[in-house]
Amino acid sequence: MIGLVVMYFNSLESSLDSVLCENFTDRTDAPGLIVLNKLNFGSKVELFKRFCDDFHLCIPATIEGYEQLITNLNESSRLRNLVVHANWESTDEEGYTFVRLKMSKNGMHQEYRQFSPESFEKMLELFIRTQSSLHGYWEARNDVLYQLTPST
């Protein structure tokens, strides 16, 4: 299941990369890949959000599902990080696994998460749904863009 989480998340990230590259030019991915090189997923989501927010300033209405897409992209990143950075050797019989150490003014706190086949399935469903929403949003955005572009 851990491998599936990584595989589906990487597919989502690849789709986000593709959409971001198209923001630079639709002729080649090179300029976009130069910008995206070494950016983490969270930085890519923030860049995507900035492009989209700027686009939304230029159109009369928002594209349905945009805010939820951003939320789901961020949640996908959070969940993927929990899985990938978990200390799987610490998993107990009930599936609780150490995921991170939180530090605050009140001291240190160890965070554990219970992973199950069902929770992994929900993650995979989120990744798939988010990737589909990303493609749907991008198609809707392009439709709006082409309606605004004068024909020659």
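# Reading features in a predicted model

Reader: How is relative accessibility to be read for Tyr-112: is the residue buried, exposed or partly exposed?

Author: Tyr-112 has 39% relative accessibility and therefore counts as partly exposed. The value falls between the cut-offs, since buried means under 20% and exposed means over 50%. Please bear in mind throughout that the model is predicted.

Reader: How many aromatic pairs does the structure hold?

Author: There are 10 aromatic pairs in the structure. Tyr-112 belongs to one of them, its partner being Phe-98. The two ring centres are 5.6 Å apart and the planes make an angle of 65°. Because planes over 60 degrees apart count as edge-to-face, that is the class of this pair.

Reader: Which elements does this pair link?

Author: Phe-98 lies in strand S1, residues 96-104, and Tyr-112 in strand S2, residues 107-114. The partners are 14 residues apart, and the pair links distant parts of the chain.

Reader: Which residues do ring pairs link into a cluster?

Author: The cluster consists of Phe-48, Tyr-66, Tyr-137 and Trp-138. Another aromatic ring, that of Phe-55, has a charged neighbour: the charged end of Arg-141 sits over it, 4.9 Å from the ring centre.

Reader: Which residues have the most contacts inside the largest nonpolar core?

Author: A core is read as buried residues joined through side-chain atoms within 4.5 Å. The largest one here has 34 residues, and the most contacts inside it belong to Phe-48, Leu-73, Met-123 and Tyr-137. At least two core residues come from each of H1, helix H3 (41-57), helix H4 (66-85) and helix H5 (117-148). H5 gives the largest share, 8 residues. Phe-48 and Tyr-137 are also members of the ring cluster.

Reader: How many salt bridges does the structure hold, and which residue is the partner of Glu-13?

Author: The structure holds 7 salt bridges. Glu-13 is bridged to Lys-44, with 2.9 Å between the closest N and O atoms. This bridge connects distant parts of the chain, Glu-13 being in helix H1 and Lys-44 in helix H3, 31 residues apart.

Reader: Are Glu-13 and Lys-44 buried or exposed?

Author: Glu-13 counts as buried because its relative accessibility is 16%. Lys-44 is buried as well, with 6%.

Reader: Why are Lys-49 and Asp-53 separated by about one helical turn?

Author: The spacing along the helix is what matters: the two residues are 4 residues apart in helix H3, so about one helical turn separates them.

Reader: Which residue forms a salt bridge with Arg-78?

Author: The partner of Arg-78 is Glu-75, and the closest N and O atoms lie 2.7 Å apart. Both are in helix H4, where a spacing of 3 residues corresponds to about one helical turn. Arg-78 is partly exposed at 31%, and Glu-75 is partly exposed at 27%. Elsewhere, salt bridges with shared partners join Arg-100, Lys-102, Glu-111 and Arg-113 into one network.

Reader: Which residues make the nonpolar surface patch of about 260 Å²?

Author: Met-1, Leu-4 and Met-7 make this patch. Leu-4 belongs to helix H1, residues 2-24, and its relative accessibility of 33% places it among partly exposed residues.

Reader: Is Ile-34 buried or exposed, and in which helix is it found?

Author: Ile-34 is in helix H2, residues 30-36. Its relative accessibility is 67%, so it counts as exposed. Its C-alpha atom is separated by 9.3 Å from that of Cys-21, a residue 13 positions away along the chain.

Key:
Residues are numbered from 1 along each chain as its sequence is written. This is a predicted model: local features need pLDDT of at least 70, side-chain atom pairs count only at pLDDT 80 or more; totals for chains, interfaces and linings use all residues. Side-chain values use heavy atoms; hydrogens and water are left out. Patches are made of residues with over 30% relative accessible area and no salt bridge: like charges are joined within 9 Å, nonpolar side chains (Val, Leu, Ile, Met, Phe, Trp, Tyr) within 5 Å. Accessible areas come from the Shrake-Rupley method with a 1.4 Å probe; for residues, only the protein chains shown count as cover. A salt bridge is a side-chain nitrogen of Lys or Arg within 4 Å of a carboxyl oxygen of Asp or Glu. Buried means under 20% relative accessible area, exposed over 50%, partly exposed in between (1.4 Å probe, protein chains only). Rings of Phe, Tyr and Trp (its six-membered ring) pair if their centres lie within 6.5 Å; planes under 30 degrees apart count as stacked, over 60 as edge-to-face and the rest as tilted. A charge sits over a ring if NZ of Lys or CZ of Arg is within 6 Å of the ring centre and within 35 degrees of the ring normal.
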